[in-house]
Amino acid sequence: MLGVKLALSTPKPFWLVPPGDRGHLPGMEANPLSSGPQAAPGTVHLVGAGPGDPDLLTLRGARLLMNARLIVHDGLVDPAILAMARPGARMISVAKSRSRHTMKQEAINALLVKEALAGNDVVRLKGGDPFVFGRGGEEAEACRAAGVPVDVVPGISSALGASAAARIPLTHRDHASIVSFVAGQCKGLSDQDWSGLAGKGRTLVIFMGLATAAQISEKLIADGLAPDVPVAVIENATRREMRVLRAPLAGLADLVEAEKVKSPALIVIGHVAAEPDNIIRETALKTGALEAIQ
Ligand SMILES: C[S@@+](CC[C@H](N)C(=O)[O-])C[C@H]1O[C@@H](n2cnc3c(N)ncnc32)[C@H](O)[C@@H]1O
């Protein structure tokens, strides 16, 4: 009897809810009081869209996206994910690129606040995870300062999506017990202290590092890292056009140039970035299982 009661009280997963009813999920409708000055603010949902493959969206992110009337999205969000929006949803692109800002961060914050204060719920779709090099923290602060409720839906960061797609285990009992995420494009790269972030037993994942690839390898080698430490560059991770390229650390800049690697791409530095077959082979040699896998 108890089992029946529990089953009845469990909400249906969103994919079992008929599309026509999904619009009635809490927090998804435009506020009916939006026209008046006393309108209650809408909620800003900061949603991580993951690295590209729509299958890597969270269920909650997908549900919000499919029901949203207003979507404010980054350039990194894959078109296949945007195509999941309901017909007639208002889509605003605030795409940014390194050299050309379609909209400055302050203007994006102001847009989110303005729409929410007008009573509109906003799905703010961001590549990867909103709180990993995504400036989600700044957007959340701007909303909170204006009295706008914020909901944060995590996404699969490109660091995790790319490493899985490229079969690079960021940690490995035999090779890496520390993993660090850094931004390669920050101001004053040469002044940043990365000592201890890369080397034996460590994996370093660099976001936005293409333009500074030469400085990155020089900096790490100057910090004492061996020039032959394995590096993998993962371009367009989890998308159809994904590439995984490898070089020793000293050859990173040449690899990026020769292969004309384009953004978005991640650089993974450390033993785990070697060819997966080599890692399996080394582990097998250690454990004496090599004969078993040959
Ligand atoms: C502004 S950061 C956003 C990071 C994002 N919030 C995340 O968690 O992945 C943009 C950088 O993320 C990395 N990136 C995002 N999507 C990627 C993808 N599909 N493949 C490779 N790198 C990606 C690239 O280094 C890109 O320059």
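## Two residues with positive phi

Met208 sits in the loop that runs between strand E7 (201-207) and helix H8. The model is a predicted one. Met208 is not a glycine, yet its phi is positive, near 50°. Is this residue buried, exposed or partly exposed? Met208 counts as partly exposed because 18 other C-beta atoms lie within 10 Å, and the partly exposed class falls between 12 or fewer for exposed and 20 or more for buried.

Thr238 is another residue other than glycine with a positive phi, here about 70°. Its place is the loop between strand E8 (230-235) and strand E9 (243-248). Thr238 is buried, because it has 21 C-beta neighbours inside 10 Å.

## The protein as a whole

The protein has 294 residues, and 37% of them are buried. Its secondary structure consists of 11 helices and 10 strands.

Contacts can also be sorted by how far apart the partners lie in sequence. Of the contacts between residues at least 6 apart in sequence, 70% join residues at least 24 apart.

## The five-stranded sheet

Five strands form an open sheet in the order E3-E2-E4-E1-E5, and their pairing is parallel. Which strands lie at the edges? They are E3 and strand E5 (150-153), each of which pairs on one side only. From one strand to the next, the twist averages 20°.

Within this sheet, strand E2 (residues 70-73) and strand E4 (residues 122-126) are paired in the parallel sense through three bridges. His73 stands opposite Leu125, which belongs to E4.

Two helices that pack on the sheet can be described here. Helix H3 (residues 59-67) touches strand E1 (44-48), E2, E4 and E5, and its direction makes about 130° with that of E1. Helix H5 (residues 105-117) also packs on the sheet, where it touches E1, E2 and E4. The direction of H5 makes about 155° with that of E4.

## The loop between H4 and E3

Ala83 and Ala89 can be taken together. Ala83 is in the loop between helix H4 (79-82) and strand E3 (90-93), and Ala89 has its place in the loop between H4 and E3. Ala83 is exposed, because 8 other C-beta atoms lie within 10 Å. Ala89 has 16 C-beta neighbours inside 10 Å and therefore counts as partly exposed.

Apart from neighbours within four places in sequence, Ala89 is in contact with Ala68, Arg69, Leu70 and Ile71.

## Leu220 in helix H8

Helix H8 (residues 213-222) contains Leu220. Which residues does Leu220 contact, leaving aside its neighbours within four places in sequence? They are Trp194, Ala198, Leu225, Leu249 and Ile269.

Leu220 counts as buried because it has 25 C-beta neighbours inside 10 Å, where 20 or more are needed. Leu220 and Leu197 are 23 residues apart in sequence, and their C-alpha atoms are 9.5 Å apart in space.

## The ligand and its shell

How many residues surround the ligand? There are 23, and the closest are Gly128, Ser157, Ser158, Ala237 and Pro264. By type, the shell divides into 12 nonpolar, nine polar and two charged residues.

Domain 1 (19-29 + 39-156) and domain 2 (159-278) each give at least three residues to the shell. Helix H7 (158-165) and strand E10 (265-269) each supply at least two.

Pro264, one of the closest residues to the ligand, lies in the loop between helix H9 (252-258) and E10. The peptide bond that joins Ser263 and Pro264 is cis, with omega about 5°.

How values were computed:
Residues numbered from 1 in each chain as written. Predicted model: local features only at pLDDT ≥ 70, side-chain atom pairs only at ≥ 80, totals over all residues. Near = placed C-beta within 6 Å. Helix = DSSP H or I, 4+ residues; strand = E, 2+ residues; numbered from the N terminus. Nonpolar A, V, L, I, M, F, W, Y, C, P; charged D, E, K, R; others polar. Domains from an automatic or database assignment. Pairing = 2+ DSSP bridges. Axes fitted to C-alpha atoms, helices over the stretch in contact; angles between N-to-C directions. Contact = placed C-beta atoms within 7 Å.
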